[in-house]
Number of protein chains: 2
Amino acid sequence: MIGKMHRLSKIFQPSLVIPKSAVIKNQDTTSKSQRLMLDQGLIRQAGNGTFYILPLLQRSLQKAVALVDFQMQQHVGAEKLTLPTLISSNLWRKSGRLELADAELMKTIDRHGKTLILGPTHEESITTLIAAISPVSYRQFPLRLYQISTKFRDEMKPRFGLMRAKEFLMKDLYTFDIDLKEAHKTYELINDTYRQLLEVIGVPYVKVRGDTGLMGGSTSHEYHFLSEVGEDQLMHCSTCGLSYNLEVLSEQKKPCERCNNKNFSKQTGIEVAHAFILEDKYSKALGARFLDQTGKPGVLQMGCYGIGITRLIAASIEVQSSETDIRWPLAIAPFKVCVIPPKEGSKEETVAGAWAEKLLHEVCKIPGLESDVLVDDRNSMTIGRRLMEAKKTGYPIVIVVGTKAASESNELFEIYNQLQETQIVLGFNETLLEIDRICHNRKKMK
Amino acid sequence: MIGKMHRLSKIFQPSLVIPKSAVIKNQDTTSKSQRLMLDQGLIRQAGNGTFYILPLLQRSLQKAVALVDFQMQQHVGAEKLTLPTLISSNLWRKSGRLELADAELMKTIDRHGKTLILGPTHEESITTLIAAISPVSYRQFPLRLYQISTKFRDEMKPRFGLMRAKEFLMKDLYTFDIDLKEAHKTYELINDTYRQLLEVIGVPYVKVRGDTGLMGGSTSHEYHFLSEVGEDQLMHCSTCGLSYNLEVLSEQKKPCERCNNKNFSKQTGIEVAHAFILEDKYSKALGARFLDQTGKPGVLQMGCYGIGITRLIAASIEVQSSETDIRWPLAIAPFKVCVIPPKEGSKEETVAGAWAEKLLHEVCKIPGLESDVLVDDRNSMTIGRRLMEAKKTGYPIVIVVGTKAASESNELFEIYNQLQETQIVLGFNETLLEIDRICHNRKKMK
């Protein structure tokens with residue numbers, strides 16, 4: 001629906017051109033992904049820990065949001081809503097978190113002198129909502145409510161671009177069950193959904209036992225992408241393979257809870273998602289209750305489940321890219337296909353240009369690609385220059401329609417599969433089949 | 001993609017049940033739409049001027065966002081991005097708005113003592129972004145960038161629910177042109193797009209000359225829904241029909257600029273959208289420049305164009321609803337169709353229940369309705385009770401499958417068209433045709 005074909009010349013993508021004589025500033029708080037995203041015009045820095053998300057990255061963001069929406073609604077049966085960003089500090093006082101979290105809370109005082117927190121997470125808010133209509137009949141449960149919204153944290157030292165910023169886009173799901181057994185069933189379902197979601201993204205991840213920390217509750221798991229810029233220390237049991245966040249073990253140098261082994265291999269990870277069973281910490285403090293079958297009131301058992309959407313994208317780029325070229329998971333690339341037509345005024349312009357038009361027309365008809373094809377129509381630039389840029393920006397599939405497509409007897413198209421880093425030359429129909437195959441993760445035909 | 005059919009029993013919609021003995025609080029800061037939205041479980045109040053947006057209303061919100069995205073991308077050729085919520089107060093000092101807007105600005109101070117504004121609008125931010133890459137070649141223009149994000153305003157007296165809240169969802173589009181003539185062309189295009197968008201919404205509106213006020217610039221138009229709770233005084237020229245915001249005329253009791261008449265009829269309106277030509281107010285102060293064809297630098301001419309998304313929805317409900325029943329524009333109703341199957345244990349349950357299933361199956365196949373059909377499966381409630389609730393919540397089309405559908409020879413379905421407030425009884429195939437007709441705004445067949 002949103003536009004059949006997109007022209008790169010019309011996209012606002014201010015690439016960073018670093019003059020050769022430039023003095024490079026101290027880079028210790030930047031990461032590869034941050035540098036690549038700045039260089040390729042995906043983000044611009046606005047302030048310390050705040051960023052402009054530019055149109056290409058905005059597309060990735062919306063794809064990630066759509067993926068998460070789908071998983072939440074179809075697999076978890078969760079309903080989407082919006083909780084206010086501004087939260088009364090009184091609510092956090094009731095839960096006991098106001099002082100504990102103080103250093104990282106951003107606050108504002110309104111004209112009536114009331115202190116409001118810019119929500120970093122919303123357990124208090126959602127529990128208050130349920131408490132306001134409590135007690136609810138047991139028939140209404142399980143209840144699963146989520147939002148995708150901007151969250152705020154007053155980081156001591158914002159760093160690594162979107163990975164640790166003052167404001168970030170996050171999905172937070174809250175669940176309510178009538179007892180702990182049901183809460184654990186919900187927990188399994190959502191962990192299974194996270195597995196499915198991360199498999200669709202396709203970046204290798206580890207699931208580790210996490211510390212419940214400030215969140216409270218009993219059980220927690222985290223999902224990490226392994227990376228040297230990761231800020232979490234992970235411990236992988238060399239006997240049974242169970243993994244832990246170091247925080248869980250370090251308290252008393254605990255052994256592996258499954259096999260009692262004490263030998264661990266160390267890894268560092270970027271946390272992209274987490275799951276907590278909160279038990280009744282918030283529901284008790286704030287009065288979220290239900291009525292059981294006999295009409296007796298009980299306290300609800302809660303869970304909370306976050307996915308850092310902006311962080312997930314940045315971490316994917318961090319893990320998959322080279323020092324010079326961005327590589328995206330296919331599912332969240334800004335565009336799946338980039339077509340490069342011949343240079344203006346070249347001798348192949350007429351013939352290859354016509355083939356490029358024909359190809360674009362057909363590629364847009366491949367199911368799922370209606371709105372996912374970009375043409376680099378900056379035709380005053382050579383094919384080589386545009387190909388180099390397409391490799392840097394990292395569109396999963398780049399098709400060059402150049403001299404080989406101007407052959408009279410046998411027009412050929414160059415296909416760069418940047419997911420596999422392979423390159424192949426094919427005829428018109430085979431090119432369409434190959435694009436379709438790559439986009440739908442099908443095996444190569446023999 | 002998101003679920004073929006939705007069950008009302010699974011939707012979190014905590015309706016407000018007011019005990020008969022309740023003392024009704026002072027209602028002077030509430031409006032009809034706010035009361036109806038609270039009563040029907042679309043919103044809940046969180047604090048003074050902050051609200052929970054519950055699942056049914058969240059659906060409307062997403063439909064409105066999709067409509068605006070479509071108009072911005074397809075008709076305006078605008079690109080979507082995200083500007084940070086937290087804005088350095090220095091930026092607003094440069095534009096001269098920091099002191100002027102102070103009373104309504106919400107601010108936070110980070111741990112390093114830096115004052116950050118919670119953006120109510122983003123002229124300074126977008127202009128700084130363009131300035132950072134200035135001067136840009138004239139070839140890159142017109143440039144049209146927009147976002148849809150939560151904005152903040154420290155209202156003296158938040159009121160009328162989502163119509164004047166401390167935080168609200170808003171679309172803000174910013175345009176950059178190389179001269180004023182081009183900026184006016186852009187202005188015409190976007191005003192035309194607003195006309196199209198408001199025609200799709202279908203609520204009658206008036207376009208009036210607006211005051212440029214705090215925004216600055218030269219030309220401004222506002223779009224209003226007429227309503228007695230509207231906070232803007234509008235003046236309608238009784239000779240030529242041109243309309244004004246009173247602010248424009250009152251300075252010196254000016255006559256109509258087109259016909260010089262001084263007779264106006266008064267109206268009150270809710271502003272749902274506005275358009276401004278900003279000229280070079282921000283681009284000059286913040287240094288957003290371009291290079292013309294001769295390589296000479298020039299200052300960019302800007303425009304800004306807002307639509308209050310949450311306000312648009314609330315205002316639509318305000319204008320179209322009765323005192324007891326919500327009425328939605330078809331395009332942004334949470335669900336277009338609600339089907340009510342027979343009551344559990346009734347004598348028509350088996351036969352009519354089978355017809356309800358068959359109907360649901362077929363209605364979901366009507367193009368555009370795949371994910372827009374709700375079944376009120378709270379079958380322990382009578383049809384009458386559920387019909388009354390469906391009328392209150394205001395789904396545009398309600399289909400009752402009751403005793404008339406259990407007739408052996410001639411099964412019939414009751415169709416309540418809540419857009420027209422009509423009611424008709426039809427056979428199976430005719431019911432499907434009628435639903436399709438209403439949803440696609442086609443004329444009735446003879």
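Colleague: Domain bounds come from an automatic or database domain assignment. What distance separates the centres of domain 1 of chain A and domain 2 of chain A?

Modeller: This is a predicted model, in which local features need pLDDT of at least 70 and side-chain atom pairs count only at pLDDT 80 or more, whereas totals for chains, interfaces and linings use all residues. Residues are numbered from 1 along each chain as its sequence is written, while chains are lettered from A and ligands numbered from 1 in the order in which they are written. Chain A is divided into domain 1 (32-320) and domain 2 (335-439). Taken over C-alpha atoms, the centres of domain 1 and domain 2 of chain A are separated by 40 Å.

Colleague: How many helices and strands does chain A have?

Modeller: Along the principal axes, the C-alpha atoms of chain A fill a box of roughly 85 × 55 × 50 Å. Helices (H or I, at least four residues) and strands (E, at least two) are DSSP runs, numbered from the N terminus. For chain A, the secondary structure comes to 12 helices and 23 strands.

Colleague: How many residues of helix H5 of chain A are buried?

Modeller: A residue is buried if 20 or more other C-beta atoms lie within 10 Å of its own, exposed if 12 or fewer, and partly exposed in between, with C-beta atoms placed from the backbone. Over the 446 residues in chain A, buried residues make up 48%. In H5(A), the buried ones include A:Ile126, A:Leu129 and A:Ile130. Helix H5 (residues 123-132) of chain A is largely enclosed by the rest of the structure, because the buried share of its 10 residues is eight.

Colleague: Which residue of chain B comes closest to the rotation axis?

Modeller: Chain B is superposed on chain A by a rotation of 180° with 0.0 Å of shift along its axis, at an RMSD of 0.0 Å (least squares on the C-alpha atoms of residues with pLDDT of at least 70 in both copies). The two copies are thus related as by a two-fold rotation axis. At a C-alpha distance of 2.4 Å, the residue of chain B closest to that axis is B:Thr108.

Colleague: Which element gives the most to the side of chain B that touches chain A?

Modeller: Two residues are in contact if their C-beta atoms, placed from the backbone, lie within 7 Å, and the contact takes 47 residues from chain B and 47 residues from chain A. Elements giving two or more residues to the chain B side include S5, S6 and helix H5 (123-132) of chain B. Because 100% of the interface residues of chain B are also interface residues in chain A, the copies meet through the same surface. With six residues, the element of chain B that gives the most is H2(B).

Colleague: By what angle are neighbouring strands of the sheet S5-S7-S6 of chain B turned on average?

Modeller: This open sheet of three strands in chain B is antiparallel, where two strands pair if DSSP finds at least two bridges between them. Strand S5 (86-88) and strand S6 (106-109) of chain B stand at the edges, each with a single partner strand, so one side of each is left without a neighbour in the sheet.

Colleague: What is the bridge partner of B:Met106 in S7(B)?

Modeller: S6(B) has B:Met106 and B:Thr108 on its covered face, and B:Lys107 and B:Ile109 on its uncovered face. S6(B) pairs with S7(B) in the antiparallel sense over four bridges, and in their hairpin, with five residues between the strands, B:Gly113 takes a positive phi near 85°. In S7(B), B:Met106 has as its bridge partner B:Leu118.
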